[in-house]
Amino acid sequence: MTQETSLRERLVDAGVELVMTSGTASLGLREIARQAGVSHGAPRRYFPTHQALLSAIARRGFADLQARFAAATAGTTSPRGRLQALGRAYLGYALEHRGMFELMFRHELLTSEQEEPGRPRLRESTLPLFEHMAGLIAAYRAEQAATDRPGVPEDCVPPASVTAAALWSNLHGIAQLWAWGSLQLVLGSAPPAGGPTGGAPDVDQLDRLVAAALDAHLGRGGA
């Protein structure tokens with residue numbers, strides 16, 4: 001690793017530490033530079049814009065989330081069971097690391113064209129999640145068809161990509177509404193833990209919400 005690469009990664013490491021412990025409000029250029037132990041002008045030498053640095057930090061979040069998906073689904077072979085595990089991991093990450101999750105899906109970063117030269121845009125980091133989900137949905141439908149289980153007529157079923165988009169939206173909505181305390185209010189659960197990093201979620205309640213989302217988009221079924 002060259003010195004230039006090492007200093008660049010130190011800035012990203014510092015940003016990750018800040019957003020994990022103090023939330024997105026802490027991610028000013030000067031604060032990131034201070035955390036990294038470099039001059040306040042150093043970030044501009046490695047990132048063309050503040051948004052480019054924030055996007056690099058957010059990409060670490062997507063990489064972490066992908067690793068969590070792999071770990072969560074490692075012991076499960078059925079497509080529906082893997083979708084259930086994926087949903088749990090998604091909500092768990094969103095609620096345990098609220099600052100990073102917020103950064104990963106900030107509109108101005110996802111729509112920005114001001115990325116580092118030669119690096120993919122941040123929104124492209126969402127593709128592995130979406131493609132994985134769509135693939136599992138397609139596999140589940142194929143599995144159901146192979147076992148001759150009754151279901152919705154094929155010509156009435158949306159493409160796996162559309163169902164994946166709807167399921168992802170559902171999971172993301174659960175994460176946001178739970179973080180805001182809205183779902184706890186209507187379900188009679190404990191209020192959310194404060195602070196930018198969130199706290200331990202109500203695992204049983206969230207499991208039921210994930211199962212209900214799968215039932216809504218795939219029909220009732222076993223794991």
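Colleague: How many residues apart in helix H4 are Arg-68 and Asp-64?

Modeller: The general idea comes from helix geometry: an α-helix has 3.6 residues a turn, so residues three or four places apart point the same way. In helix H4, Arg-68 and Asp-64 are 4 residues apart, which means that about one helical turn separates them. Helices are DSSP runs of H or I with at least four residues, strands are runs of E with at least two, and both are numbered from the N terminus. This is a predicted model, in which local features need pLDDT of at least 70, side-chain atom pairs count only at pLDDT 80 or more, and totals for chains, interfaces and linings use all residues. Residues are numbered from 1 along each chain as its sequence is written, and side-chain values use heavy atoms, with hydrogens and water left out.

Colleague: What interaction do Arg-68 and Asp-64 form?

Modeller: They form a salt bridge, with the closest N and O atoms 3.7 Å apart. The criterion is a side-chain nitrogen of Lys or Arg within 4 Å of a carboxyl oxygen of Asp or Glu. Arg-68 has a relative accessible area of 28% and Asp-64 one of 27%. Arg-68 is partly exposed, and Asp-64 also counts as partly exposed. For these classes, buried means under 20% relative accessible area, exposed over 50%, and partly exposed in between (1.4 Å probe, protein chains only).

Colleague: How many salt bridges does the structure hold, and which parts does the pair Glu-9 and Arg-60 tie together?

Modeller: The structure holds 11 salt bridges. In the one between Glu-9 and Arg-60, the closest N and O atoms are 2.8 Å apart. Glu-9 belongs to helix H1 (residues 3-22) and Arg-60 to helix H4, so this pair ties together parts that are 51 residues apart in sequence. Glu-9, at 21% relative accessibility, counts as partly exposed, and Arg-60 is partly exposed at 29%. Arg-8, Glu-9, Asp-13 and Arg-60 are linked in a network of salt bridges. Elsewhere, the side chains of Arg-106 and Glu-108 meet in a salt bridge of 2.7 Å, N to O.

Colleague: How should the length of a helix be checked, and what span should the 20 residues of helix H8 have?

Modeller: The expected span is 1.5 Å times one less than the number of residues. Helix H8 (residues 127-146) should therefore span 28 Å, and its end C-alpha atoms are 28 Å apart, in agreement. H11 is followed by Gly-219, whose phi is positive, near 90°.

Colleague: Which residues of H8 are buried, and which are exposed?

Modeller: The buried residues are Leu-129, Met-133, Ala-134, Leu-136, Ile-137, Tyr-140 and Gln-144. They cover an arc of only 160° around the axis, which puts them on the same side of H8. That arc is taken from the directions from the helix axis to the C-beta atoms. On the other side of H8, Glu-131, Ala-145 and Ala-146 are exposed.

Colleague: Which helices do the buried residues of H8 pack against?

Modeller: Packing is read from contacts, meaning heavy atoms within 4.5 Å. The buried residues of H8 pack against helix H4 (50-73), helix H5 (79-96), helix H9 (160-180) and helix H11 (203-218). Those of H11 pack against H5, H8, H9 and H10; among them are Leu-206, Leu-209 and Val-210.

Colleague: How many helices and strands does the protein have, and what percentage of its residues count as buried?

Modeller: The protein has 11 helices and 0 strands. Of its 223 residues, 44% count as buried. Among contacts between residues at least 6 apart in sequence, 70% join residues at least 24 apart.
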